[in-house]
Amino acid sequence: GKINRFCQRKSKVSRSMEKLYRLIPGTSIRVSPLCLGTWQFGGTEEKQDVTWGYVEEKTCHAIVDKAIELGINFFDSAEAYSNHHAEEVLGRALGSRRQDVVIATKFGAFGKNGPVPYTDVDIEKALEESLRALQTDYIDLYQVHWPVNIKSSEDAVRALERAKGQGKIRHYAVSNFGPKNMQDLVAAGGKPVTNQLPYNLLCRAIEYDIVAECEKHDVGVLAYSPLQQGLLTGRYSQASQVPEGRRRTRHFKADSTPFSRHGQAGLETETFEAIAQLRNITDRAGVSMAGASLAWLLAQRNVTSCVVGARTVDHVVQNAALSSLSQDIVSEMTSATDHLKSVFGPNADLWAASSRIA
């Protein structure tokens, strides 16, 4: 029956991580504070991903194995990660352990002419493809990838409520939704349980008004790019050291890479000054910058889990070693990035000058 099918099995995992599991608001689903993002599973040897390059499938399987061993029970993917390819890799990597974990994925395609606005029929087709790719008959959390990926809130709610009634999804959610986007979906009868948003010490734009809107509707925040695509590992001290595919965000000058689309001057000086200050704080506290950055996020209002990618097994191990921070250190890290928050402004869209997160 449906209840048994949705019952999460107990697996042999790290008890230290399991103690930190959190409930997704409005659900009975308990998830680890870290969620393994699988954007990096989407590249192939022939067609490498601009941001992540190519990660061999056997490495992807080892990453998933290590994540589960360390107590991470939450995995996030998307149709748009190479047209369901990342989902296929994740499905094969999980194998018979599907009921041990919580799977979140997203619908929404991006063609040569931009995003494709899905009707309710399109959403149903995309869901069937995701179920096939993931080798499962249900998805725990089905997310709208971007507001521009739906033709109307009414269409989306109709399709998602129908899928929920059929047992094909347990709950639905959104991603990259600003206050107006959230209000439109709720007005159409939508009941999203989470909103996946770009959030980290170097990108705090959602603190202006999006977090408050999420709280108003009892919607948890899933923070993506929690290490700002590697900047918060402390590995880079200047812009030129950052791989080109990761220089597309508004932190960097538009001419830093032809992949950039925002057309702005960037905030390289302010970004790397903030990184230097964070390095001093974390060195003094004797903790890694990455671990401290994730711990800082998990101490913020309404954050349910951090969606963090990994290209190697070592990255998973490093990310899972969450630092324990005093409130004083948390406050110091906040202060160190207040100026960057101010100049970055309330536009939460990392890649576009005219925000798609409204």
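Reader: In this predicted model, is strand E5 (residues 102-107) mostly covered or mostly open, and how many of its residues are buried?

Author: Strand E5, which spans residues 102-107, is mostly covered, with six of its six residues buried.

Reader: Which residues of E5 lie on one side, and which on the other?

Author: The general idea is that in a regular strand the side chains alternate between the two faces of the sheet. In E5, Val102, Ala104 and Lys106 lie on one side, while Ile103, Thr105 and Phe107 lie on the other, and these residues are all buried, which leaves both faces of the strand covered.

Reader: Which strands are joined to E5 by bridges, and in what sense do they run?

Author: Strands of a sheet pair through backbone hydrogen bonds, either parallel or antiparallel. Here strand E4 (residues 74-76) is joined to E5 by three bridges, and the two run parallel; within this pairing, Phe74 has Val102 of E5 as its bridge partner. Strand E8 (residues 139-144) is joined to E5 by four bridges, again in the parallel sense, and there Thr105 stands opposite Tyr142 of E8.

Reader: What unit do E4, helix H4 and E5 make?

Author: Together with helix H4 (residues 85-94), the strands E4 and E5 make a β-α-β unit that is right-handed.

Reader: What do the strands E3-E4-E5-E8-E9-E10-E11-E12 build?

Author: These eight strands, taken in that order, form a closed barrel with parallel pairing, and neighbouring strands of this sheet are turned against each other by 30° on average, direction ignored. One of the pairings is that of strand E9 (residues 169-175) with strand E10 (residues 194-198), which is parallel and extends over two bridges; in it, Val174 has Asn195 of E10 as its bridge partner.

Reader: Which strands does helix H6 touch where it packs on the sheet?

Author: Helix H6 (residues 153-165) touches E5, E8 and E9, and its direction makes about 155° with that of E9.

Reader: How should I read the packing of helix H10 against helix H12, and at what angle do their axes cross?

Author: Two packed helices are described by the angle between their axes and the distance between the axes. For H10 (residues 289-298) and H12 (residues 327-336), the axes come within 10 Å and cross at roughly 95°, so H10 is roughly perpendicular to H12, given that angles from 65 to 115 degrees count as such.

Reader: Which residues make that contact?

Author: H10 contributes Ala292, Ser293 and Trp296, and H12 contributes Val330, Met333 and Thr334. Sorted by class, the contact of H10 with H12 has four nonpolar residues, two polar ones and no charged ones.

Definitions and conventions. Residues numbered from 1 in each chain as written. Predicted model: local features only at pLDDT ≥ 70, side-chain atom pairs only at ≥ 80, totals over all residues. Heavy atoms only, no water. Buried < 20%, exposed > 50% of the residue type's maximum accessible area, 1.4 Å probe, protein only. Pairing = 2+ DSSP bridges. Right-handed = clockwise from strand over helix to strand, strands pointing away. Axes fitted to C-alpha atoms, helices over the stretch in contact; angles between N-to-C directions. Parallel < 35°, antiparallel > 145°, perpendicular 65-115°, else oblique. Contact = heavy atoms within 4.5 Å. Nonpolar A, V, L, I, M, F, W, Y, C, P; charged D, E, K, R; others polar.
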